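Hi there,

Here is the structure I promised to pass on to you. Have a look at it first, and then read my notes below.

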Amino acid sequence: RFHHTSTSHLCSCSKTVSDEKYQDPFQLGRKDLKNLYEDIKKELLVSAAELKEMCDYYFDGKGKAFRPMIVVLMARACNIHHNNSKEVQASQRSVAIIAEMIHTASLVHDDVIDDANSRRGKRTLNQIWGERKAVLAGDFILSAASVALARIGNTTIISVLTQVIEDLVRGEFLQLGSKENENERFAHYLEKTFKKTASLIANSCKAVSILGCPDPKVHEIAYQYGKNVGIAFQLIDDVLDFTSCADRLGKPTAADLKLGLATGPVLFACRQFPEMNAMIMRRFSKPGDVERAWKYVLQSDGVQQTTYLAQRYCHAATREIRKLRPSPEREALVHLTEMVLMRDK
């Protein structure tokens, strides 16, 4: 059902938004994200110098803060929708901080599981300090996020955001397994993608909507927007693993194949080259598997089909967010779906 033979179904995601409506999400979100990384470092106050150095390593202020930015824009859009309030509440900003902390802790743990040696163009924590200390640093960041979450003092918000941590663990377990049946395999991949990537964005958006507006319909809009954008973001990430040069991406290309993972481009390619099935089942473990699978993907329309699928998720996200009252933040969230599709790293 994901297979398209023409582009007629696609959203016109490349169309330019009129200057009047165009809102750069990063510009608009900047005022609420000022001192974001300093505030995170305050949450990570520790006396042990080495642990502090490890915790501060990724919170260097050089990240794009993509997730916190979505969260503060969603907070503003929901506040305006509800009572035309143009301010972000302190508790909503805390959700943005917590989201970035949970995300970073998951990266630290992912790098240990994958034995990765680079992340965002720099050496990973596990490469510098070793696996054991990296695991503990990830745990510590998670625990600090939990303390910040408890401080919000709202049991509904605690329940929504702790779901993210459960999903991250379940998603990692899904990634460690694989399905023999081809149809089940795609559903397994999308479920893993939701749990590992989209759940954080979906539930963080839902949390700020709950804090800003009592209407359950708005909570669902925020959740669905975050879910669809999150899945699209990961689909494009999986495409970039085949199309981007390594220095742009900040990690080696074909990284997923080398880890034995069959992502969207591989699963679509498998429909044209059924001989890939055996390679998927043995997780590209035989000599030459990675190179052969790489060639099959580039000979197939796997990259194109995965991009089409990402466009469909972005289209769904746009449809959801347009249900809110018009605001610069709403338009920025619409524009963000286009940026997700256009990114090259």
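Which residues in H7 meet which residues in H8? Leu142, Leu149, Ala150 and Ile152 in H7 meet Ile157, Ile158, Leu161, Thr162 and Ile165 in H8, where contact means heavy atoms within 4.5 Å.

Before going on, a word on the background. This is a predicted model, so local features need pLDDT of at least 70 and side-chain atom pairs count only at pLDDT 80 or more, while totals for chains, interfaces and linings use all residues. Residues are numbered from 1 along each chain as its sequence is written, and side-chain values use heavy atoms, with hydrogens and water left out.

Back to the helices (DSSP runs of H or I, at least four residues, numbered from the N terminus). H7 covers residues 131-152 and H8 covers residues 155-176; they pack at an angle of about 165 degrees, with their axes 9 Å apart. The axes are lines fitted to C-alpha atoms over the stretch in contact, and angles run from 0 to 180 degrees between N-to-C directions. That makes H7 roughly antiparallel to H8 (the word is used for angles over 145 degrees). Their contact has eight nonpolar residues, one polar and no charged. Here Ala, Val, Leu, Ile, Met, Phe, Trp, Tyr, Cys and Pro count as nonpolar, Asp, Glu, Lys and Arg as charged, and the others, Gly among them, as polar.

Helix H9 (residues 182-212) and helix H13 (residues 264-272) also pack at an angle of about 165 degrees, with their axes 11 Å apart. H9 and H13 are therefore roughly antiparallel to each other. On the H9 side the contact is made by Glu182, Arg185, Phe186 and Tyr189, and on the H13 side by Gly264, Leu267, Phe268, Cys270 and Arg271. By class, this contact of H9 with H13 has five nonpolar, one polar and three charged residues.

Next, the aromatic rings. Rings of Phe, Tyr and Trp (its six-membered ring) pair if their centres lie within 6.5 Å, and the count comes to eight aromatic pairs. The rings of Tyr57 and Trp129 have centres 5.7 Å apart and planes at 85 degrees, so the pair is edge-to-face (planes over 60 degrees apart). Both Tyr57 and Trp129 are buried, meaning under 20% relative accessible area. Tyr57, Tyr58 and Trp129 form one aromatic cluster.

Finally, Arg322 is found in the loop between helix H16 (302-321) and helix H17 (328-342).

Enjoy exploring!

Conventions:
Helices (H or I, at least four residues) and strands (E, at least two) are DSSP runs, numbered from the N terminus. Angles under 35 degrees count as roughly parallel, over 145 as roughly antiparallel, 65 to 115 as roughly perpendicular and the rest as oblique. Rings of Phe, Tyr and Trp (its six-membered ring) pair if their centres lie within 6.5 Å; planes under 30 degrees apart count as stacked, over 60 as edge-to-face and the rest as tilted. Buried means under 20% relative accessible area, exposed over 50%, partly exposed in between (1.4 Å probe, protein chains only).
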